[in-house]
Amino acid sequence: MSQKRAVSLSELLPQPIQGITDLKATFGEWEVHESQHVDPDQVHAVLGELVERLDADFPYFHPQYAGQMLKPPHPVAVAAYVATMQLNPNNHSIDASRATTVMEHEVLDQLAAMFGYPADYMGHLTWSGTTANLEALWVSREIAPGKAIAHSTDAHYTHSRMGEVLGIDTVGIATEADGRMSLDALERELATGRIGVVVATLGTTGLGAVDPLADIIPLAREHGARVHVDTAYGGFFTIIADELDPETARHFRAIAQADSVVVDPHKHGLQPYGCGAVLFNDQSILRFYHHESPYTYFASTERHFGEIQLECSRAGASAAALWATLKVFPLTRQGLGAIVLPGYRAAQTWHGLIAESDILQPYQRPQLDIITYLPRVQRMSELDRVSQAIFEMAADTTRPQQTHLATYVVTPAQLQARGIELEHDAERARIMRSVLMKPEHEPLIAEMHHHVSMWSRRAYEATH
């Protein structure tokens, strides 16, 4: 085996493009219909314009981009996607995706094993975490019709939105000072008897907080409620649970006991959008999937994915891309875990630097790889002005020096809960938030901290 090194997309693409071209040729030559003929010069001009227009995007691919949850797909995933997309299989049915249906089963088995789910689990890939959560909540509604969804007030907005779609109530549960769901508040709500499912978020999209799943499960069971885990963002931290703080690790290990779980390979799993997944820990929920399609499902008597999902058509290329990626980076500490872990270490390192800063202070200790912090100011209105100025100034400079951050809105009560006292001259204010999900962030932390500190000083001076 050759020595490991970085590979580029331009290096990988010729093989799958030529391979699929050769595969097609085995079925005989045919003429492309004249309606699909194009002017090559026009196409090249259009593609050139496309590249120019894409230049308006932020550099999501670069480690100095630490704003939103955006991470470039690995070249292996893109090459596999491009290869498969040339055939364009549809994983709705085996008839339309003989190869990629099998690949999807293989990657699902790996995801289920990662979470500790039993061999008779049920699940499939999806377009997104939103769709995956919708399906899990739909199953919960069918099991306990008329009952509400409970989720933390810091949970993703998809849960309240999907509650509206499903026509059921949603209840926000207060969080503790570390951003985790309050068990006392949850118990009071469960005692009303109106909750059918509790959504535990392991990796909130705002703070990266991990709800106390290991304690939520017995509490929910006591009151007859299901437990659904939304770990769309944080799911792959399960691989490196031993490296996390013991309390956080305890909750990731408890996923095996939850009724359902959602994870997004298009976040930490190196996949292009969109690739999510939903898994259920037993197949009894299959009774809720009523499906008839008289013009499909002829090639096999096995269950087709279209019969066990709310979606219909789905790109087989997504399954192929994830399959190829997990062949190269398996779901182990030494495989994909080695890519996830540097972000966690980067967040811990930057937290330590911010805690010692005279211009910045931490909002709370990061539980995964999302870090929140704020300038040292006196008033809420001042906090909002300086934070926004940092956000704008750090990005508004020459490209090699740009640092792309994000902001997060907080209240005086949330700051007080974390020991930060400011004059309450505004009801809300922005603070700083950085997502360190690229492994390349780790060696850049000292430099990023220097730049953010510099821009914080300049932002303070510019707003006073």
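**Salt bridges, strands and cavities**

Mentor: Arg345 is partly exposed, with a relative accessible area of 36%. Here, buried means under 20% relative accessible area, exposed over 50%, and partly exposed in between, using a 1.4 Å probe and protein chains only. This is a predicted model, in which local features need pLDDT of at least 70 and side-chain atom pairs count only at pLDDT 80 or more, while totals for chains, interfaces and linings use all residues. Residues are numbered from 1 along each chain as its sequence is written, and side-chain values use heavy atoms, with hydrogens and water left out.

Trainee: With which side chain does Arg345 meet in a salt bridge?

Mentor: Side chains of opposite charge can pair when their charged atoms come close. A salt bridge is counted when a side-chain nitrogen of Lys or Arg is within 4 Å of a carboxyl oxygen of Asp or Glu. The partner of Arg345 is Glu442, at 2.8 Å from N to O. Arg345 belongs to helix H12 (residues 337-355) and Glu442 to the loop between strand E11 (429-435) and helix H15 (445-462), so the pair ties together parts 97 residues apart in sequence. Helices (H or I, at least four residues) and strands (E, at least two) are DSSP runs numbered from the N terminus. Glu442 is partly exposed, at 27% relative accessibility. Elsewhere, salt bridges with shared partners join Asp215, Glu247 and Arg250 into one network.

Trainee: How many salt bridges does a search of the whole structure find?

Mentor: The search finds 17 salt bridges. One of them links Arg399 and Asp55, whose closest N and O atoms are 2.9 Å apart. Arg399 is in the loop between helix H13 (380-395) and strand E10 (406-410), and Asp55 is in the loop between helix H3 (40-54) and helix H4 (75-85), so this pair ties together parts that are 344 residues apart in sequence. Arg399 is exposed at 55%, and Asp55 is partly exposed at 42%.

Trainee: Is Arg180 buried or exposed?

Mentor: Arg180 is buried, at 9% relative accessibility. Arg180 forms a salt bridge with Asp178, the closest N and O atoms being 3.2 Å apart. Asp178 is partly exposed, at 31%.

Trainee: What is the order of strands in the open sheet?

Mentor: Strands of a sheet pair through backbone hydrogen bonds, either parallel or antiparallel. Two strands are taken as paired if DSSP finds at least two bridges between them. Here four strands run in the order E8-E9-E11-E10, with antiparallel pairing. Strand E8 (360-364) and E10 are the edge strands, each pairing on one side only. From one strand to the next, the twist averages 40 degrees; axes are lines fitted to C-alpha atoms, and angles run from 0 to 180 degrees between N-to-C directions. E8 and strand E9 (residues 370-375) pair over four bridges, and Gln361 has Leu374 in E9 as its bridge partner.

Trainee: How many cavities of 30 Å³ or more are counted?

Mentor: A cavity is a set of points on a 1 Å grid over the protein atoms alone where a 1.4 Å probe fits but cannot get out, and lining residues have an atom within 4 Å of a point. Two cavities of 30 Å³ or more are counted. The largest holds about 50 Å³, and its lining includes Trp127 and Arg314. Helix H6 (129-143) gives the most to the lining of the second largest cavity, with three residues.

How values were computed
1 Å grid on protein atoms, 1.4 Å probe; cavity = no way out; pocket = protein on both sides within 12 Å on 5 of 7 lines; lining within 4 Å. Points joined across faces, edges and corners; volume = space filled by probe spheres on them.
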